[in-house]
Amino acid sequence: MTTTSAPPLRMGKAALRALGLLAPATGALESVVTPTLPLLRRELDMSHAEGALLSIVLLVTGALITPVAGKLGDRYGGKRVLVRLMAVVCVGGLVSALAPNLPVLLLGQILQGAMVGALPLSFILVREHLPEGESKVAIGVVSGLFVGGTMAGTLSAGPVAEGLSRHWMFALPTFAVIGATVLVHRSMPQDPPRRSDGAGVDWPGLVLLSGTLVTLMLALALAPDLTARPLVLVALLVAPAAFAAGWVAVERRASAPMVDLRMLGRPAVWKSCVLTFMICVGTSVAAYLVPALFAVSADAYGFGASATQIGLFLLPGAVAASLAGPAGGFGARRFGSRAVVTAGVLIMAAGLLGLAAVHTEVWHLVLGKALIALANGLCVTAMVTSAATSVDRGDTGIATGLVLVTRVIGFAVGVQISGAILTAGTPAGSDLPAESAFVAGFVLAGAVTALSLLVVRTLNKGAKE
């Protein structure tokens with residue numbers, strides 16, 4: 001618990017407006033890669049596996065930064081850490097805008113990942129500087145503006161990239177983030193450091209988890225090109241296992257671990273994590289394969305869609321995802337987490353297998369992607385609710401944090417597997433994967449999603465209380 005000798009300074013309208021501007025700007029910057037990935041692949045001469053790596057590095061960085069950001073906020077003050085993290089995001093956006101090749105663009109996306117840890121800090125500041133009732137409204141508004149920004153980025157990235165260049169699609173939202181960060185720095189009242197438990201950042205755990213994720217992503221990205229070099233491939237597969245073993249050993253002995261692995265011993269928590277991983281693998285396969293299929297030439301088996309058209313086709317899925325969170329929370333309270341997850345899994349499996357069977361019209365892909373996005377939102381919300389209600393109130397942050405980190409890992413693994421499948425399914429001397437590679441990806445994702453029903457059956461019925 002935080003103790004203060006004086007009441008906190010009240011956040012003024014200028015500060016709240018600054019946060020309101022920051023949310024859509026970061027949302028737009030985060031979302032520009034997905035609809036333009038086929039364009040980026042062409043311009044930077046990337047394989048599908050490399051494109052998959054580009055689409056996930058931001059989320060992987062965010063998964064690592066998020067637990068650290070809260071600790072740093074406690075130690076140095078929320079505003080100070082928020083502004084510095086957003087400065088890193090701004091540098092990352094400028095690096096991405098100026099990137100001449102894939103390695104530099106990857107570096108920019110890694111730096112931009114700091115935004116995932118910065119946004120929760122803005123919610124903490126709202127709660128510290130506003131009364132309870134007003135803070136709930138403000139958090140809802142900021143969250144909605146962030147979602148609105150992601151939709152705006154999805155729609156505008158294609159026209160900007162095609163009308164100006166790929167450089168401007170990163171530069172324009174970055175300029176907006178810079179302006180909003182300056183306003184936050186000037187208008188946000190300072191909050192004092194809070195040393196509630198004296199615990200520092202688990203740097204060894206952070207380094208080992210980073211090594212685990214980075215080597216795992218590299219192994220998945222490079223695997224299709226290393227089939228003729230089995231020793232190198234084995235070494236790449238052994239590396240993440242070694243990092244993971246070291247991370248588990250460190251976390252079990254740490255006084256203030258980055259991730260409390262003892263929490264995973266609770267059935268409701270580990271089942272929620274397993275389900276979240278499997279569901280997000282299915283979701284991410286569609287998130288990667290659908291835009292790639294839109295971009296395939298109409299002379300083959302695709303639609304020859306431009307980046308602008310792809311953004312428009314993906315918009316219904318973004319809308320469905322934004323509606324799924326509130327719907328999942330209401331459903332979990334009304335019917336229980338197991339009922340919501342079961343419905344979500346069935347919808348997602350039907351969407352994935354439907355795309356494998358029928359993908360000859362644009363509306364097939366639009367509808368399938370929207371169903372999958374809706375199902376993902378329902379399931380993840382229900383899993384977070386299940387984990388949160390299965391532990392003591394003081395452990396809520398740890399339990400939900402485990403689920404959210406698992407979500408990022410599942411998404412990253414699914415995207416990389418998708419890229420590897422398309423790369424392996426591309427004939428020598430061709431840039432076009434065989435149609436069967438897309439079918440195989442959708443079938444694999446549908447099978448993984450359907451198998452999650454075996455875990456759903458064991459969920460505690462009492463999770464809804």
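**Figure 1. Ile178 in helix α8.** Ile178 counts as partly exposed, at 30% relative accessibility; partly exposed lies between buried (under 20% relative accessible area) and exposed (over 50%), with a 1.4 Å probe and protein chains only. Ile178 is placed in helix α8. This is a predicted model, in which local features need pLDDT of at least 70, side-chain atom pairs count only at pLDDT 80 or more, and totals for chains, interfaces and linings use all residues. Residues are numbered from 1 along each chain as its sequence is written, and side-chain values use heavy atoms, with hydrogens and water left out.

**Figure 2. Thr276 in helix α11.** Helix α11 covers residues 267-295 and contains Thr276; helices are DSSP runs (H or I, at least four residues), strands are runs of E of at least two, and both are numbered from the N terminus. Thr276 is buried, with a relative accessible area of 1%. A polar atom of the Thr276 side chain lies 2.7 Å from the backbone oxygen of Ser272. Leaving aside residues up to four places away in sequence, Thr276 touches Met383, Val403, Thr406 and Arg407; contact means heavy atoms within 4.5 Å.

**Figure 3. The whole protein.** The protein has 17 helices and 0 strands. Of its 465 residues, 51% are buried. Among contacts with a separation of 6 or more, 81% join residues 24 or more positions apart. The accessible surface is about 20,300 Å², and carbon and sulfur atoms account for 67% of this area; accessible areas come from the Shrake-Rupley method with a 1.4 Å probe, and for residues only the protein chains shown count as cover.

Terms used. Polar contact = N/O pair within 3.5 Å; in protein donor to acceptor, adjacent residues only side chain to side chain.
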